[in-house]
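Welcome! Here is a short tour for anyone meeting this protein for the first time.

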Amino acid sequence: MTLIQLEYIVAVDTYRSFVAAAEKCFVTQPTLSMQIQKLEESLGAKIFDRSRQPVIPTEIGEKIILQARLVLIESRKINEIVQDKKGEIEGTLKVGVIPTIAPYLLPNVLATFMEKYPKLQLQIWEYTTERIVHELKVGLLDCGVLSTPLNDPGILESPLFYENFVAYISTNSSLFSKKILSGDDIADDKLWLLNEGHCMRGQVLNICHHKHNQDLTGRFEYNTGSVETLKRMVDVNDGITILPELSIWDYSDEQLDRIRYFKSPEPVREISLVTTQNYVKRHAIQALEKEILAVVPDKFKTKKKKEVLSFQ
């Protein structure tokens, strides 16, 4: 049994294809298949059901693959010991970030981070929470930045900050004259929401206690995956939307005039850096956490007088 063979069976399990796994491992498909067959022969057990498409693990194969993932994680920690001794942070760090936080947080983080750690290659993907969690568990990502709590025993959460939700209101809205809003206020206006699959959608619905207006005559609900589209919809089609506070940092005075905060306890989302429980690349991840905290305003670092919203 070799680490290479374990990497190959993990790759096949991840991509559910011998061809795709071979491409990701930078070997030919016959080479990968031969090594997996040798492993199966040495163990006396079939790891994959090759008659199924996409290929799936056998019952015993699932247990073998789970243990293989643990072995590979532990083996990678040897390199961390060496890097720690050298005082270096290098290699590749793969990060998943939800789309409602990435464009507003990362530009302020990346320039300084990459300058401090020139030997580290940073790879970032904007994914939904569900996909980030999945790719963390199969080893395609090293960490994620997303909204929590997830209530997933396989995921370790390290809260970073608490970001306010604010309302962005049309000048034609009856709410425009109000300075402070409650959740019930927004239930009677046209509410623009993100699509299903975005955790912020559930948080917004929790603000108005799910009593929003899609059933009102002449009203409708528009779904999008972009925070910027939500704002544009209010500008052109009236109504109201809910935005994360970081997204309004560069707003003009005219746009800020349409922003309204909520009554205390203010609705917020908890933004965390998440990993699997037995994660590697600890020093690189800790360095990223430090840089994020350096750019976040101090007022975001406490949840006093704030209500952390669930997205369930």
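Which residues does leucine 105 touch, not counting residues up to four places away in sequence? Leucine 105 touches Val145, Phe161, Leu246, Ile292, Val295 and Val296. Please keep in mind that this is a predicted model.

**Nonpolar cores**

- Leu105 belongs to the largest nonpolar core, which has 70 residues.
- Leu105, Phe161, Ile186, Ile242, Leu288 and Ile292 are the members of this core that touch the most other members.
- Strand S6, residues 155-169, supplies the largest share of this core, with eight residues.
- There is also a second, separate core of 19 residues, and among its members are Ala21, Leu32, Ile36 and Val55.

- You can find aspartate 142 in the loop that runs between helix H6 (129-137) and strand S5 (143-148).
- Aspartate 142 counts as buried because its relative accessibility is 11%, and the cut-off for buried is under 20%.
- The side chain of aspartate 142 reaches the backbone nitrogen of lysine 94 at 2.7 Å.
- The side chains of aspartate 142 and lysine 281 are joined by a polar contact of 3.1 Å.
- Leaving aside residues up to four places away in sequence, aspartate 142 touches Thr92, Leu93, Lys94, Leu136, Thr275, Lys281 and Ile285.

**Cysteines**

- How many disulfides does a search of the whole structure find? The search finds zero.
- In general, a disulfide is a covalent bond between the sulfur atoms of two cysteines.
- Is cysteine 143 buried or exposed? Cysteine 143 has 0% relative accessibility, so it counts as buried.
- Cysteine 25, by contrast, counts as partly exposed, because its relative accessibility is 23%.

**The annotated segment, residues 1-58**

- An unreviewed UniProt entry carries the annotation "domain: HTH lysR-type" for residues 1-58.
- Over residues 1-58 the chain is 62% helix and 7% strand.

**Backbone points to look at**

- As background, most residues other than glycine have a negative phi, and most peptide bonds are trans.
- Glutamine 53 and proline 54 are joined by a cis peptide bond, with omega about 0 degrees.
- Proline 54 sits in the loop between strand S1 (48-49) and strand S2 (56-57).
- Another cis peptide bond leads from serine 264 to proline 265, where omega is near 0 degrees.
- Proline 265 is found in the loop between strand S11 (259-262) and strand S12 (266-276).
- Arginine 16 is not a glycine, yet it has a positive phi of about 55 degrees.
- The loop between helix H1 (3-15) and helix H2 (18-25) holds arginine 16, and this arginine counts as partly exposed because its relative accessibility is 33%.
- Aspartate 238 also has a positive phi, near 70 degrees, in a residue other than glycine.
- Aspartate 238 lies in the loop between helix H8 (227-237) and strand S10 (240-244), and its relative accessibility of 29% is why it counts as partly exposed.

Conventions
Residues are numbered from 1 along each chain as its sequence is written. This is a predicted model: local features need pLDDT of at least 70, side-chain atom pairs count only at pLDDT 80 or more; totals for chains, interfaces and linings use all residues. Side-chain values use heavy atoms; hydrogens and water are left out. A disulfide is a pair of cysteine sulfur atoms within 2.5 Å. Buried means under 20% relative accessible area, exposed over 50%, partly exposed in between (1.4 Å probe, protein chains only). Helices (H or I, at least four residues) and strands (E, at least two) are DSSP runs, numbered from the N terminus. A polar contact is a pair of N or O atoms within 3.5 Å; within protein, one must be able to donate a hydrogen and the other to accept it, and residues adjacent in sequence count only if both atoms are side-chain atoms. Contact means heavy atoms within 4.5 Å. A nonpolar core is a set of buried Ala, Val, Leu, Ile, Met, Phe, Trp, Tyr and Cys residues joined through side-chain atoms within 4.5 Å. UniProt positions are given in the numbering used here, feature names are shortened, and annotations may be inferred rather than shown by experiment.
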